[in-house]
Amino acid sequence: MYYLYLPQHSEDVQSAPVKSIIEEHLANLIEKLLDVSSDRDLKMTFENSTLTQFWVCVKKEHPELGKTALEQLLPFGSTHLCEASFSAMTLIKTKQRNRLGLEKSLITAVSSLPPRMTKMLSEGQAHVSH
């Protein structure tokens, strides 16, 4: 598919080296992908881990292939976080609550880490009645 972006003229001498380098790089990645697909240990790793964890493991043995796969996965993770943050923000910021500080509430809403309730309670200040 990369060839769709290269010039179609055969007399364009400058595109020939670029096309050759891209084809060589693509062939190298395909060969390594075939190695990964026939590796039994990596098949077990794939079944027992997340997609990102799997490609991090692949990157240890095949750095170029792992890096390429992780670069392709990166936009999906960041897009999801952005959309989740925007959704949380619309729930937090309403007309009635527009003066609230957004930062701490947004971090709490979007974070995948569980809150440390004992620490939060120990640092909190008791509200006394008048």
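**Helices, aromatic cluster and core of a predicted model**

Leu34 has its place in helix H1, which spans residues 15–37. Helices here are DSSP runs of H or I with at least four residues, strands are E runs of at least two, and both are numbered from the N terminus. The structure is a predicted model, in which local features need pLDDT of at least 70 and side-chain atom pairs count only at pLDDT 80 or more, while totals for chains, interfaces and linings use all residues. Residues are numbered from 1 along each chain as its sequence is written, and side-chain values use heavy atoms, with hydrogens and water left out.

With a relative accessible area of 55%, Leu34 is exposed; the term exposed stands for over 50%, buried for under 20% and partly exposed for what lies in between, with a 1.4 Å probe and protein chains only. Leu34 also belongs to a nonpolar surface patch with Leu26 and Ile30, and together these residues have about 280 Å² of accessible area. Patches are built from residues with over 30% relative accessible area and no salt bridge, joining nonpolar side chains (Val, Leu, Ile, Met, Phe, Trp, Tyr) within 5 Å and like charges within 9 Å. The areas come from the Shrake-Rupley method with a 1.4 Å probe, and for residues only the protein chains shown count as cover.

For the protein chain as a whole, the secondary structure amounts to six helices and zero strands, in the order α-α-α-α-α-α from the N terminus on. Of the 130 residues in the protein chain, 12% are buried. The chain exposes about 11,400 Å², of which carbon and sulfur atoms supply 61%. Among contacts (heavy atoms within 4.5 Å) with a separation of 6 or more, 27% are between residues 24 or more positions apart.

Turning to the aromatic residues, a search of the whole structure returns two aromatic pairs. Phe46 and Phe54 make an edge-to-face pair, with 5.1 Å centre to centre and 80 degrees between the planes. The rings of Phe54 and Trp55 are also edge-to-face, because their planes stand at 75 degrees with the centres 5.0 Å apart. Rings of Phe, Tyr and Trp (its six-membered ring) pair if their centres lie within 6.5 Å, and planes under 30 degrees apart count as stacked, over 60 as edge-to-face and the rest as tilted.

The nonpolar core comes next. The largest one has eight residues, namely Leu29, Val36, Leu42, Phe54, Trp55, Val58, Leu65 and Ala69. Such a core is a set of buried Ala, Val, Leu, Ile, Met, Phe, Trp, Tyr and Cys residues joined through side-chain atoms within 4.5 Å. Two or more residues of this core come from each of H1, helix H3 (51–61) and helix H4 (63–92), and H3 gives the largest share, three residues. Neighbours within four places in sequence aside, Trp55 is in contact with Leu33, Leu65, Gly66, Ala69, Leu70 and Leu73.

Between H3 and H4, the loop holds His62. This histidine, His62, is buried, with a relative accessible area of 14%. Beyond its neighbours within four places in sequence, His62 is in contact with Lys32, Asp35 and Val36.

As for charged pairs, the count is one salt bridge, defined as a side-chain nitrogen of Lys or Arg within 4 Å of a carboxyl oxygen of Asp or Glu. Glu71 and Lys67 form this salt bridge, and their closest N and O atoms are 3.6 Å apart. Because Glu71 and Lys67 are four residues apart in helix H4, about one helical turn separates them. Glu71 is partly exposed at 43% relative accessible area, and Lys67 is partly exposed at 45%.

Helix H4 also contains Ala88. At 13% relative accessibility, Ala88 is buried. Apart from neighbours within four places in sequence, Ala88 is in contact with Leu106, Ala109 and Val110. Ala88 and Ala109 are 21 residues apart along the chain, and their C-alpha atoms are separated by 6.4 Å.
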